[in-house]
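Dear colleague,

I am passing on the structure below, and my notes on it follow directly after. Please read them with the structure open beside you.

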Amino acid sequence: MSESKKSRGEGRELTSGQDVVYNVNKLSRELLIRVFGWLPFHQRHEIIPLVCRKWAELTSVPCPLWEHPCIDLQLYIDGHATGTSTDQDKVVVRWANVLQWFSVRASWVHSVEIRNFSEDFAMQHDCPPGGLASLFGTLWDYLENLYISNCAPVMRADDLVHLTCFSKLVRLNIDSLRGPVEARQINHLGRLTNLQELRILFAGHGLEQNLLGGFPEQLTALRKLRELELTSVGPGAFITLPNSISNWQELRDLQLYRCGFEKLPESISALSKLDTLLIEGFSTPGLGSIELPDSMSKLTLLRCLILSGWCYSTLPGVVGRLSHIQELDFSFNPLPSLPSDFQCWHNLEVLKLNCCELQKLPEAVRSCSKLMQLDVAANDDLDALPTGPYLANLKDLDLSRCDFHRIPSPLCGATNLERLDMSYNTCMEVDAEGRLLLLNLPALKQINITKDRLHAVGLRGRRSEFKPTPWTDCSMYNLFLLSKELQAHRPARMIDVRLFDEQEDLAV
């Protein structure tokens, strides 16, 4: 065994047989910064400077390493929350060091992520009354991105006014804002004129109303806004969107979860760059359905429309005229069918109609020749599939929790099908014809034919024998034979055939 060493000043190189270990200091400054960038923030600013003088100097000057720090407050209180007063003092000192670190580097910190700021931490360590925003007052003139998660106890609606000091803020993401919140408090964010992305998750749950006073109309003053997402605002929170949303000329993505709208304004047609529109209801009887204006047909760049959880018994006519749409989701609506004149979805690639009340696949779907994903799960009366062009490019088909008794014969035309889910069709039998059909699908990679929750094993990889048990019926044995046939038919490719729910794997 040979071993060579170099002096400390030149770096050290150890050679042992074929193994060579190089000193990390041989890496260039740029590579070191990239490596350090994978470390958590608290390690970067507390541990790296203690390793050697070079690393301390590297982290003391402006560099990309510190442009996007992430502060997890839980890392500062773990092991100290119930410790001695000395331990608590250590936490205070560490947090004070963080604030001091920011104060001297504010000019080149552009993005901050703050996590797990608990109320106990704020009380024990004398955080100022301005909330999280006032902790980083030195960043007001420089910060562009602010992400706040799991900080509901100290991120209150009254603190939003302090965020308006971040004059250059481009992205604001608050995932836990305590409700109820008044619209006038959200209106303060209308002063952030450079804001392009705004996401707010209200901390309230269930059917409580978390946003009071209607839609915060001052948000429409954000003319550069590209993405807006408000989640869990509660029923009745919004009566209607104001006509002034026409100011959002740059808006691409509008997502409003668990909202209580009555209608969308005609001015929505002015959002000429809108790509995704998601308005999720509650699936609550008596809630009604949101009214869509005919002017929506002018949204020629709209590619994704999601209206799940409402009470549509029939879809508005304007939906059938969206010839450019690529993804539609009408899940959790009592839709027995779709209007017969909906024949314009020539570009549709994804369609979700799960948990509706379909008895047969609507005629409008059969002509969708570009369809790649179809989800009609949990339609209790659906028991057959028709033939049609929609099968030609289909890759993902979900027929679970329906009323199928056998593998649908039209699937022989789904030559591009990669995933088939027919789980929990409790009366389904896989006969010889069904097995042959599945064997001849050239692209098939995954099959889920779990029959009930008692039968639960995923067949993929390690077991080679089938052990009958008292609850194993003849049909389940046929499914096992199917898995063995697939293995023999395509030995060069792994296929996932799921017969049960427990995650035991067999080679298929």
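A residue is called buried when its relative accessible area is under 20%, exposed when it is over 50%, and partly exposed in between (1.4 Å probe, protein chains only). The model is a predicted one, in which local features need pLDDT of at least 70 and side-chain atom pairs count only at pLDDT 80 or more, while totals for chains, interfaces and linings use all residues. Residues are numbered from 1 along each chain as its sequence is written, and side-chain values use heavy atoms, with hydrogens and water left out.

Asn333, which sits in the loop between β14 and β15 (strands being DSSP runs of E, at least two residues, numbered from the N terminus), is buried at a relative accessible area of 1%. A polar atom of the Asn333 side chain lies 3.2 Å from the backbone nitrogen of Tyr312, and the backbone oxygen of Ser331 is likewise 3.2 Å from a polar atom of that side chain.

Phe330 belongs to the loop between β14 (327-329) and β15 (350-352) and is buried, with 0% relative accessibility. Although Phe330 and Ile306 are 24 residues apart in sequence, their C-alpha atoms are 6.3 Å apart in space.

As for salt bridges (a side-chain nitrogen of Lys or Arg within 4 Å of a carboxyl oxygen of Asp or Glu), the count comes to 11. One of them joins Arg321 and Asp294 at 3.3 Å, N to O, and this pair ties together parts that are 27 residues apart in sequence; Arg321 is partly exposed, at 42%.

Technical notes: Helix = DSSP H or I, 4+ residues; strand = E, 2+ residues; numbered from the N terminus. Polar contact = N/O pair within 3.5 Å; in protein donor to acceptor, adjacent residues only side chain to side chain.
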